[in-house]
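I opened my notebook today for a structure that is new to me.

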Amino acid sequence: MEQAVTERTMRLSRAEYKEIVRWTEQLKPTRQCMKMLKERFPNHSQSTLLSIFSLEYQKRTKRSISRHHTQDVVESHYQRYLSAAAAHPHAPVLLDLANEVDLSPALMARIILDRFLQDIDGETPSKTTVNGMLKEPSLIPDLTLSRNISQCTINDCCYGPLVDCIKHAIGQEHEVLLRDKLKERNLSFLDENQLRTMGYDKTPDIILEIPIAVDGHIVHWIESKASFGDDYSHRTYLNEQFWSYCNRFGPGLVIYWHGFIGELDCQRDRGVLLKDSFPAEIVTLSHSCEQNSTQN
């Protein structure tokens with residue numbers, strides 16, 4: 001029963017995925033909204049829901065971000081922040097402003113910080129300076145703005161230095177998990193770092209030195225994706241990564257640890273197999289040889 005629940009929550013039908021997407025359209029990228037999403041879809045894992053929401057919110061942001069960077073709009077946001085901060089110096093006015101105009105709090109924080117630094121220095125600050133202050137708001141020479149920037153980055157679940165750090169850590173964690181699973185099965189492999197030292201420039205996370213079979217399909221390589229596999233991201237990965245891996249190394253396996261749209265697992269005959277976890281059942285070459293020897 002437990003296995004059935006895991007499969008249902010991680011591998012979604014396109015209809016289930018679209019239902020979640022429709023519901024996310026009314027949400028803003030705050031941690032409170034993620035709690036609402038989990039309450040609405042209790043049978044799906046938090047990581048799956050967050051990954052879907054993050055992907056959809058990024059698409060929404062790409063469609064609207066340009067209007068927030070026009071000079072008039074930047075000035076309007078900045079003056080509104082200054083007025084609200086002066087009237088309510090201890091309130092999360094920048095976070096409230098971001099939610100009101102439907103902009104990621106972390107991206108709003110970047111816009112306001114950039115404009116603030118222009119006032120101080122009389123010139124556009126470098127990206128390095130802005131990034132440094134976003135990562136460490138205590139460097140901002142204004143206590144109220146520093147506090148507001150912190151509130152924005154802490155409460156944003158899609159953008160900002162905190163999210164980038166968490167995503168990187170989760171990606172690393174799943175790559176380690178994959179290597180541990182391979183070692184448990186005594187499978188010989190080369191990881192991405194080893195392949196780079198051998199001169200490969202674009203490689204999957206793992207290349208198996210001895211191929212395995214999963215669901216009757218040969219697997220030469222494994223790619224770890226600590227995200228949800230939706231139509232857009234999977235199509236992008238196919239064109240930018242997976243097809244080239246197939247051409248160079250043969251058929252392989254992609255693990256979307258946070259789940260994927262089940263209908264996307266339709267390229268097995270072309271060399272791309274999808275899973276949402278490390279396969280429970282694999283056939284190794286040595287195992288296959290032992291079976292043949294026993295039968296003979």
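What share of the 296 residues of the protein count as buried? I found that 45% do, where buried means under 20% relative accessible area, exposed means over 50%, and partly exposed lies in between (1.4 Å probe, protein chains only).

**Ground rules**

I noted that this is a predicted model, in which local features need pLDDT of at least 70 and side-chain atom pairs count only at pLDDT 80 or more, while totals for chains, interfaces and linings use all residues. Residues are numbered from 1 along each chain as its sequence is written, and side-chain values use heavy atoms, with hydrogens and water left out.

**Overall build**

I looked up the secondary structure and found 13 helices and eight strands; helices (H or I, at least four residues) and strands (E, at least two) are DSSP runs, numbered from the N terminus. The C-alpha trace spans about 85 × 45 × 30 Å along its principal axes.

**The largest pocket**

Next I went looking for open space. Rolling a probe the size of a water molecule over the atoms shows where empty space is left. A pocket is found on a 1 Å grid over the protein atoms alone, as an open set of points where a 1.4 Å probe fits, with protein on both sides within 12 Å along at least five of seven lines; lining residues have an atom within 4 Å of a point. Points are joined across faces, edges and corners, and the volume is the space filled by probe spheres set on them.

The largest pocket holds about 750 Å³ of space. It is lined by 27 residues, and S51, K167, A226, S227 and H258 are the closest to its centre. Which element gives the largest share of the lining? I found that α10 does, with eight residues. The elements that each supply at least two lining residues are α4 (46-64), α10 (161-184), β4 (217-225) and α12 (231-249).

I also sorted the lining by type: nine residues are nonpolar, twelve polar and six charged. Here Ala, Val, Leu, Ile, Met, Phe, Trp, Tyr, Cys and Pro count as nonpolar, Asp, Glu, Lys and Arg as charged, and the others, Gly among them, as polar.

**Salt bridges**

Side chains of opposite charge can pair when their charged atoms come close. I counted 14 salt bridges, each one a side-chain nitrogen of Lys or Arg within 4 Å of a carboxyl oxygen of Asp or Glu.

D231 and R14 form one of them, at 2.5 Å from N to O. This pair links distant parts of the chain, with D231 in helix α12 and R14 in helix α2 (residues 14-24), 217 residues apart. D231 counts as partly exposed because its relative accessibility is 27%, and R14 is partly exposed at 23%.

E56 and K59 also meet in a salt bridge, at 2.9 Å from N to O. Both lie in helix α4, three residues apart, about one turn of the helix. Is E56 buried or partly exposed? E56 has 15% relative accessibility, so it counts as buried, whereas K59 is partly exposed at 24%.

My last pair was D265 and R268, bridged at 2.8 Å from N to O. D265 is buried, with a relative accessible area of 12%, and R268 is partly exposed at 23%. Salt bridges with shared partners join R11, D215, D265, R268 and K275 into one network.
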